[in-house]
Amino acid sequence: MPQHYFEELDYLPAEEVLAWGIRTFSDSFGISTSFQKSGMVILDMAFRLSPNVRVFTLDTGRLPEETHAMIDMVRARYGAKVEVVTPDPREVEAMVRQHGSNLFYTDPSLRLLCCHVRKVKPLERKLAEFRAYAVGLRRLTSNTRNEIRKVEVVKGAIKLAPIADWTRQEIDGYIQRHGVPTHPLYARGYTSIGCAPCTRATAEDEDERAGRWWWEQDARKECGIHFTANGTVGRQLDVLIQGVSPAPGARAH
Ligand code: SF4
């Protein structure tokens with residue numbers, strides 16, 4: 001389908017965008033979520049439309065315990081199978097051996113390497129199973145996300161962001177109306193939730209994503225899943241990735 005076809009979907013309400021994805025792609029469609037508020041809204045909406053919708057999530061190996069509790073809760077409440085995607089242990093081992101467990105605090109390119117090994121690559125492997133998937137991305141969460149479209153083609157897959165134009169108040173309103181469970185860390189002042197060592201609570205006057213990689217100055221608050229690093233950091237990252245990638249044909253033990 002040509003890209004311009006999806007521009008028309010940009011004006012539809014979230015439920016209709018999601019219903020279109022589920023109806024059009026059936027088993028080749030999935031909800032990608034890390035169980036933050038916006039992801040829970042998408043998940044809840046999807047289960048109201050279809051109890052068999054596929055749900056998948058990334059377990060980076062560095063998630064807070066509360067996120068594991070959310071996985072169990074979603075399984076129990078929605079009857080969702082929740083497909084858990086994990087990084088290649090060979091790549092994690094090579095990375096940790098060369099750069100240490102907490103490499104992300106050292107340098108932005110090493111932080112991106114960790115996100116690449118623990119998030120970007122496993123997600124790319126999982127997405128090969130789908131023709132389309134939905135995420136809870138919103139345009140207003142930071143200035144790196146202003147251009148998000150509700151339906152666009154990304155690396156050959158169709159990516160839906162049905163609540164791209166929702167405000168924080170609309171998210172909270174939906175959660176309240178439908179009694180959607182929320183991640184326990186929100187009650188402790190978190191406004192965006194990722195891996196435990198890379199996320200902190202935020203102050204009232206801070207951006208929603210200010211608690212992610214808070215030690216990095218002037219860096220994009222992104223892990224590379226939705227945006228690609230470029231410039232000097234991007235080139236450093238390419239070199240680092242080569243250093244931890246298993247040799248072609250190598251087998252896991
Ligand atoms: S958020 Fe932190 S721990 Fe998680 S993958 Fe990225 S750098 Fe690694």
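**Exercise 1.** In what order do the strands of the open sheet lie, and which strands stand at its edges?

Solution. In this predicted model, the open sheet is built from 6 strands in the order S3-S2-S1-S4-S6-S5, and the pairing is mixed. Strand S3 (83–85) and strand S5 (151–154) each have a single partner strand, so they stand at the edges and one side of each has no neighbour in the sheet. On average, neighbouring strands are turned by 30 degrees against each other, direction ignored.

**Exercise 2.** Describe how S1 and S4 are joined, and find the bridge partner of Ile-31.

Solution. S1 and S4 run parallel and are joined by 3 bridges. The bridge partner of Ile-31 is Ala-134, in S4. Helix H6 (residues 108–127) packs on the sheet and touches S2, S3, S4 and S6. The direction of H6 makes about 160 degrees with that of S2.

**Exercise 3.** Which residues have the most contacts inside the largest nonpolar core, and which element gives the most to this core?

Solution. The largest nonpolar core has 32 residues, and Leu-18, Ile-42, Ala-46 and Leu-160 have the most contacts inside it. Elements that each supply at least two residues include helix H2 (14–25), strand S1 (29–32) and helix H4 (65–78). H3 gives the most, with 6 residues. Leaving out residues up to four places away in sequence, Ala-46 touches Leu-18, Ile-22, Ile-31 and Val-53. A second, separate core of 16 residues includes Leu-113, Val-117, Cys-195 and Leu-240.

**Exercise 4.** How many residues surround the ligand, and how do they divide by type?

Solution. The ligand is surrounded by 13 residues, the closest being Cys-114, Cys-115, Arg-118, Cys-195 and Cys-198. This shell divides into 7 nonpolar, 2 polar and 4 charged residues.

Note on methods:
Residues numbered from 1 in each chain as written. Predicted model: local features only at pLDDT ≥ 70, side-chain atom pairs only at ≥ 80, totals over all residues. Near = placed C-beta within 6 Å. Nonpolar A, V, L, I, M, F, W, Y, C, P; charged D, E, K, R; others polar. Core = buried A, V, L, I, M, F, W, Y, C linked by C-beta atoms within 7 Å. Buried ≥ 20, exposed ≤ 12 C-beta atoms within 10 Å, placed from the backbone. Helix = DSSP H or I, 4+ residues; strand = E, 2+ residues; numbered from the N terminus. Contact = placed C-beta atoms within 7 Å. Pairing = 2+ DSSP bridges. Axes fitted to C-alpha atoms, helices over the stretch in contact; angles between N-to-C directions.
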